[in-house]
Amino acid sequence: MTASASPFASLRLPVFAAPMFLVSGPDMVIAACRAGIAGAFPTPNCRTSADLDQWMGTITGALKPGDGPWIANMITHSTNVRLAEDLRLVAEYKPPVVITALGSPRPVMETVKAYGGLVFADVVNMTLARKAAEAGVDGLACVSAGAGGHTGHLSPFAFISAVRDFFDGYVAVGGGVGDGAGVAGAVAAGADFVYMGTRFLAAAESLAQAEYKQMVVDAGPDDLTVSAAVTGTPASWLKPSLRAAGLDPDDLGGPAVRDYSGGQNQKRWKDIWAAGQGLGAVRGIEPVADIVARLEGEYAMALDRFAARADVAARRAA
């Protein structure tokens, strides 16, 4: 990829299949990219750097020109002891986009920029958004209220508007968007892309356990609670999974010690399941390609509604 090439030129829809801990794997990334959206996975989903080497090789070997871009999501928090080795593999396999999370994007900037890749920073508030912009990122992944897993508190529309006051790079927004109409609404509000995780949780290619997928199908937004008691950072959890783990969703206690290195967190996330407010759009377990096709139809219908309203407004103005 050259510095002037856009990795997004082949996108069928302005959607990123968001990286989900212990859920996003090579099969889902490949399926998403082949379906015409961007596919992402968090590097901690690989237990070792050798596993990451294999995953990246599988993804790059499967994708062809014209497929959507694949994305590596890297935790840059100080507890990620594997960051340097994972970054070496990023330099080797050259994901078109790297999204940093839970830390400054600065540690990855030189490596990714050297091969012409783009760096996005996952941000949950305005302070982090401004710091990332000052660091020179190409894009911001604005994680808003309604997002699954580690979540934000700002409305997606308020977040987009505030970020656009000072940032003219790419903006991806996530939080509660589960259908194509929501994608169109986010783009109309000023986003370039929608960061969509929950909609793909129950995908056939997802690494989520069968029970997790079925819970996502059966649950709705009222079955969620936001708490920092599991990982030390506010996250949106499925109440039925908390109850199954012997926890009271209404009394989870104070924040846990932050640890993003895997290990202990992996057991937590295996037993306790995350989801976002886009749950209502998930009605069955189906292939990524079918999900994207449905999103595309919903997106087109929303654009048609916009066009019809624009025609009415133009006639009135005339």
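Helix axes are lines fitted to C-alpha atoms over the stretch in contact, and the angles between them run from 0 to 180 degrees between N-to-C directions. With that in mind, this report on a predicted model turns to the packing of its helices, then to a cavity, and lastly to a loop residue.

**Helices α3 and α4**

Helix α3, which covers residues 83-93, packs against helix α4, which covers residues 106-114, at an angle of about 20 degrees, and their axes lie 9 Å apart. Angles under 35 degrees count as roughly parallel, and α3 and α4 are therefore roughly parallel to each other. The crossing that these two helices make is right-handed. On the side of α3 the contact is made by L83, L87, V90 and A91, and on the side of α4 by P107, V108, T111 and V112. Sorted by class, the residues of the contact of α3 with α4 are 7 nonpolar and 1 polar, with no charged residue among them.

**Helix α1 and its two partners**

Helix α1 takes part in a packing with α11, residues 288-317, where the angle is about 40 degrees and the axes are 9 Å apart. That angle makes α1 oblique to α11, and α1 passes α11 in a right-handed crossing. In this contact M28, A31, A32 and A35 of α1 meet V288, A289 and V292 of α11. The residues involved in the contact of α1 with α11 are 7 nonpolar, with no polar and no charged ones.

Helix α1 also packs with α2, residues 49-62, at an angle of about 25 degrees and with the axes 10 Å apart. This angle makes α1 roughly parallel to α2, and the crossing in which α1 passes α2 is right-handed. Here P26, V29, I30 and R34 of α1 meet W55, T58, I59 and A62 of α2. The contact of α1 with α2 has 6 nonpolar residues, 1 polar residue and 1 charged residue.

The angles and axis separations of these pairs are set out below.

| Helix pair | Angle | Distance between axes |
|---|---|---|
| α3 and α4 | about 20 degrees | 9 Å |
| α1 and α11 | about 40 degrees | 9 Å |
| α1 and α2 | about 25 degrees | 10 Å |

**The cavity**

The model holds 1 cavity of 30 Å³ or more, and the space in the largest cavity comes to about 30 Å³. Its lining is formed by A17, A18, M20, S24, M28, V29, G39, A40 and F200. By class, the lining of the largest cavity consists of 7 nonpolar and 2 polar residues, with no charged residue.

**A residue in a loop**

L252 is found in the loop between α9 (239-244) and α10 (264-271). Its C-alpha atom is separated by 8.6 Å from the C-alpha atom of A228, a residue 24 residues apart from L252 along the chain. When the neighbours within four places in sequence are left aside, L252 is in contact with T225, S227, A229, L242 and L247.

Definitions and conventions. Residues numbered from 1 in each chain as written. Predicted model: local features only at pLDDT ≥ 70, side-chain atom pairs only at ≥ 80, totals over all residues. Heavy atoms only, no water. 1 Å grid on protein atoms, 1.4 Å probe; cavity = no way out; pocket = protein on both sides within 12 Å on 5 of 7 lines; lining within 4 Å. Points joined across faces, edges and corners; volume = space filled by probe spheres on them. Nonpolar A, V, L, I, M, F, W, Y, C, P; charged D, E, K, R; others polar. Helix = DSSP H or I, 4+ residues; strand = E, 2+ residues; numbered from the N terminus. Parallel < 35°, antiparallel > 145°, perpendicular 65-115°, else oblique. Left-handed = near helix turned anticlockwise from the far one by under 90°. Contact = heavy atoms within 4.5 Å.
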